[in-house]
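The sequence and coordinates come first.

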Amino acid sequence: MPVTDTHHDLESRTVTIEAEFAAPPERVWQVYADPRQLERIWGPPTHPATVVDHDLTPGGRVTYYMTGPEGEKYYGYWRVLEVDEPRSFSFEDGFAKDEQFAPNPDLPVSTTQTRLEATEAGTRATFVSTYDSAEALQQVLDMGVMEGASSAINQIDALVAA
Amino acid sequence: MGVTEEDEDRADAWFHALSDRTRRDILRRVLAGEHSVSALAAEYDMSFAAVQKHVAVLERAGLLVKRRRGREALASGDVDSVRSVREMLTDLEGVWRGRVARIDDLLREDKD
């Protein structure tokens, strides 16, 4: 598995994932710089992503939707914050109301920082994702854009069983 | 297992409780060890009554339990409930692990 380390910070609701890829940072960067590659990696197999607008520059926007098994669509956008090709970039990831991609102010935003460092084997990538609040976490899970077997309902069950 | 109205109400209370910075701070303190409500109140630049209210919100959400010792109210965190935030982060970690695996697959195609 390329994942080498993970860390959770409960107080700041941050998930940090470190991974090693057998390709140089310039190549990993292309995965994000090319919308056709980005859509292949962004959504889980059950909710493939389609990237609509793509401007990976500071202040730029990337818009996308994910299509669920029943054909339901979840609209999302990135507001790109910092870009230092091919070393790092950060963006806010939020939900949009519809295909016009106007941000949905009722749904939470998360901020993700991606860092790519050259190593002998290729690239060490670090993804640091922070969610605004516990509600934000829950809402992201409620969207059903999940991988694996667990679901928001299971989480609530676990909560009330605790 | 189905989710009852009561379960939903409890989840609502729980997320409401954690949406406030002061309450998260109080929770962090009481998870580290039992505190009297007056000792907690001394930590914040707000009235005793305001801190008491925050404690009550956490208590109603089931994140904090209180007991009395003489005239003092002692508060401690309910560790089992808080563990659920960890579970949510673990789920989100799953999302990121999925992305990492897909990047890895995509990069491997270059070599084929």
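The model is predicted. Chain A contains four helices and eight strands. Their order along the sequence is β-β-α-α-β-β-β-β-β-β-α-α. Of the 162 residues in chain A, 28% are buried. When contacts in chain A between residues at least 6 apart in sequence are considered, 37% join residues at least 24 apart.

The largest nonpolar core comprises 49 residues. Those with the most contacts inside this core come from chains A and B: Phe21(A), Val28(A), Val55(B), Leu58(B), Leu63(B) and Leu64(B). Helix H5 of chain B (residues 79-111) gives the most to the core, six residues. Because domain 1 (1-77) and domain 2 (79-112) of chain B both give residues to it, the core lies between these two domains.

Helix H2 of chain A spans residues 35-42, and its residues Pro35(A), Leu38(A) and Trp42(A) are buried. Viewed down the axis of H2(A), the buried residues fall within an arc of 55 degrees, so they line one face of the helix.

In chain B, the axes of helix H2 (residues 21-32) and helix H4 (residues 48-60) come within 10 Å and cross at roughly 75 degrees. Angles of 65 to 115 degrees count as roughly perpendicular, and therefore H2(B) is roughly perpendicular to H4(B). On the H2(B) side, Thr22(B), Arg23(B), Ile26(B) and Leu27(B) take part in the meeting of the two helices; on the H4(B) side, the residues are His54(B), Val55(B), Val57(B) and Leu58(B). Val55(B) and Leu58(B) are also among the residues with the most contacts inside the core.

| Site | Backbone value | Loop |
|---|---|---|
| Glu85(A) and Pro86(A), cis peptide bond | omega about -5 degrees | Pro86(A): between strand E5 (73-84) and strand E6 (88-95) |
| Phe101(A), positive phi | phi near 60 degrees | Phe101(A): between E6 and strand E7 (109-118) |

The positive phi of Phe101(A) occurs in a residue other than glycine. Is Phe101(A) buried or exposed? A residue counts as buried if 20 or more other C-beta atoms lie within 10 Å of its own. Phe101(A) has 20 other C-beta atoms within 10 Å, so this residue is buried.

Terms used. Residues are numbered from 1 along each chain as its sequence is written. Chains are lettered from A and ligands numbered from 1 in the order in which they are written. This is a predicted model: local features need pLDDT of at least 70, side-chain atom pairs count only at pLDDT 80 or more; totals for chains, interfaces and linings use all residues. A residue is buried if 20 or more other C-beta atoms lie within 10 Å of its own, exposed if 12 or fewer, and partly exposed in between; C-beta atoms are placed from the backbone. Two residues are in contact if their C-beta atoms, placed from the backbone, lie within 7 Å. A nonpolar core is a set of buried Ala, Val, Leu, Ile, Met, Phe, Trp, Tyr and Cys residues joined through C-beta atoms within 7 Å. Domain bounds come from an automatic or database domain assignment. The arc is that of the directions from the helix axis to the C-beta atoms. Axes are lines fitted to C-alpha atoms, for helices over the stretch in contact, and angles run from 0 to 180 degrees between N-to-C directions. Angles under 35 degrees count as roughly parallel, over 145 as roughly antiparallel, 65 to 115 as roughly perpendicular and the rest as oblique.
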